Amino acid sequence: MEGPVTGGRRDQVFGGFFGDGLDKHGYVEEEYFVSGVAEMYRPVGELSADGKWRVVPDGHTDYRTRVVVHRPKDPAKFNGIVLCEWTNVSAFIDISNAVNERFYKSGFAYAAISAQKMGIEGLDRYPDTGLTRWDPERYGSLHIPGDGYSYDIFTQVARALASARSRTGADPLPGLDVRHCIATGESQSAARLATYINAVHPLAGFFSGFMPCVLVGGGSELHNPEIIPGESKEDYNRRFYSRIVNTTIRDDVEVPVLIVLSETEARMFRVQPQPDSAWLRVWEVAGTVHGSACDTGYRGDISARDGVVDPFSFGGSAQRMVRFMPIMEAAAVTMVDWIGGGAPLQRQPRLLRGTDPRAIVTDAHGNALGGVRMPEIAVPTATFETVSNPVSGVRKPFTQEQLRTLYPTDEHYVDAVRAAVDDCQMSGLLLPVCGQEYLADAEKGPRAQG
C-alpha cells in the first residue's frame, strides 16, 4: 500500500468527491496505490443458472491499481465497517456511484476499488478514457493485465484496507479498528459482484456482506473480453454484454446479501424473480430507474470538473424519481446489525406483475403497484414513468386539480407523508434523520414538490 498519492499533471484524484460534504461530516479523501500478484479463476463445469459455481485458480500475474478512501478524521466516529465499492467502467472511465455523504452520518468508511483494466487503461482511440491516459504522470505506473484478475484484485485491495496496520507500507485507515467489509456495486459492477458471490466468495471468504444494486439478472463471465486495440466503445460493450451469464445468486452463501432493484431491472426479466432466503433479500423499489443508483446527481459535476465525457450522466434527472440512496443507507446500517448476529433485513413485497412478468401493474396515476414504497410514491405528487426512459425516467407532476383532489389541504398532505415515513422506518427503509428530511419537504406543501 502506497500513499496518500499526490501530484501529477492535474494534481487531483480522478472522480473524487464533489462538494463540501466530506469536510462537513469530518471526513477526509485520500488515494492509495496497491500492488500485488493476482489469481485468475477457471470454471469447473457449467456456470449454472442457480449460481452454484465452482472455480479453481488458473494462473497469476502482477498488477498495480488504486483505491480512493474516505474515512472519518476522528476514530471515535468510525462504526467499524468499510463499504468497498467495485467502481463502474461502463462509461470507459473509473466511476464511483455509491459515493454518498449519507453513509458518513452513520460512521462508515468508504473505499472505491479500481479492479478492471478498462478503468485503468481505457481504449486506444479514446484519449479521455482510462486513468493512465487522463494523467500519465500520476497514474502511469498502474496496470491491470485483464479483467479475469479483477475478482482477486478486489479481494486483495479490500483485505489490505482491513489489515494494513499489521503490514508494511502506508495505513489508509489510521487508528480505525475495521471489523467488517461490505462489498457494493451498481449495474456492470453488480454483475461482477454476482459472479464474485457465486464463484469467488466460497474460496476467499473475506467479505461480511454484499449489496449489489440495479443488477440486470446476470453475472460476468470469469474471462471477460479484453480491450482490442482500436475498437469502438460500442463494439466493446456489445461483446461484454453479450457474454453476461443469466443467473440468480446462490442460496447457500452464509453472509447477508441484499439486491436492490429498480423498476428498470424488474421489467427486463433476464431471470425469474429470485425469492428471499435465509441470507438473501431482494428489494424492488417502485418509481425508481436504473439511473437512480448509477447517477446520484453529481456525475455531471464530476465529469465536467475532470474534463471527461460521461454518457451516463443525465444532469441528475434520475434524482427527480423516487429517491434510492436513503434505502441503501438504511439497509447498510441494518446489515451491520445482521452481520453481528442481530435481526436480518426485513423482507419486502415485490412489484406487482401481470401475466407478462415484464409488465408492472400500475395505478390510475401510472405509478407502479407493490414493491418497496418510499414516501414519494406512497403519497404521490407526480407520475414516475419508467418505461419510455428506463435509465433516467420521466417525472410528470400532477395537475393542480389532481393535487386538490388528493390533498384538500397542506395538512392532509403532511399527515399522509408522516404516516408513510413511519411505515418506512418501521420496515427498515429509512433512518430517522432521513425521515425528518422527508417531513421538512412535506411542510412546504404538495404543490411545492415540483
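Let's start with contacts. In the protein chain, 77% of the contacts with a separation of 6 or more join residues 24 or more positions apart. Contact here means heavy atoms within 4.5 Å.

A word on the source. This is a predicted model, where local features need pLDDT of at least 70, side-chain atom pairs count only at pLDDT 80 or more, and totals for chains, interfaces and linings use all residues. Residues are numbered from 1 along each chain as its sequence is written, and side-chain values use heavy atoms, with hydrogens and water left out.

Now the overall build. The protein chain has 16 helices and 12 strands. Those are DSSP runs, numbered from the N terminus: helices are H or I with at least four residues, strands are E with at least two. The C-alpha atoms fill a box of roughly 65 × 50 × 45 Å along the principal axes.

Next, the surface. Buried residues make up 58% of the 450. Buried means under 20% relative accessible area, exposed means over 50%, and partly exposed is in between, with a 1.4 Å probe and protein chains only. The accessible surface comes to about 16900 Å², and 52% of that belongs to carbon and sulfur atoms. Areas come from the Shrake-Rupley method with a 1.4 Å probe; for residues, only the protein chains shown count as cover.

On to the pockets. The search uses a 1 Å grid over the protein atoms alone; a pocket is an open set of points with protein on both sides within 12 Å along at least five of seven lines, a cavity is a set where a 1.4 Å probe fits but cannot get out, and lining residues have an atom within 4 Å of a point. Points are joined across faces, edges and corners, and a volume is the space filled by probe spheres set on them.

The largest pocket has a volume of about 440 Å³. Its lining has 23 residues, with Ser 187, Gln 188, Val 216, Tyr 241 and His 290 nearest the centre. Two or more lining residues come from each of α7 (188-204), α8 (233-242), α9 (263-268) and α10 (291-294). By class, that lining has 11 nonpolar, 10 polar and 2 charged residues. Nonpolar is Ala, Val, Leu, Ile, Met, Phe, Trp, Tyr, Cys and Pro; charged is Asp, Glu, Lys and Arg; the others, Gly among them, are polar.

The second largest pocket has a volume of about 370 Å³. It is lined by 19 residues, and Arg 323, Glu 376, Arg 395, Asp 441 and Gln 449 are the closest to its centre. α16 gives the most to this lining, with 3 residues. Here the classes are 9 nonpolar, 4 polar and 6 charged.

What about enclosed space? The whole structure holds 5 cavities of 30 Å³ or more. The largest cavity has a volume of about 250 Å³. Of its 21 lining residues, Leu 215, Gly 217, Leu 261, Val 271 and Pro 273 are the closest to the centre. The largest share, 3 residues, comes from α9. The lining divides into 11 nonpolar, 5 polar and 5 charged.

Last, one residue. Gly 8 lies in the segment before α1 (21-24). Gly 8 is partly exposed, at 28% relative accessible area. Beyond its neighbours within four places in sequence, Gly 8 is in contact with Asp 135, Glu 137 and Arg 138.
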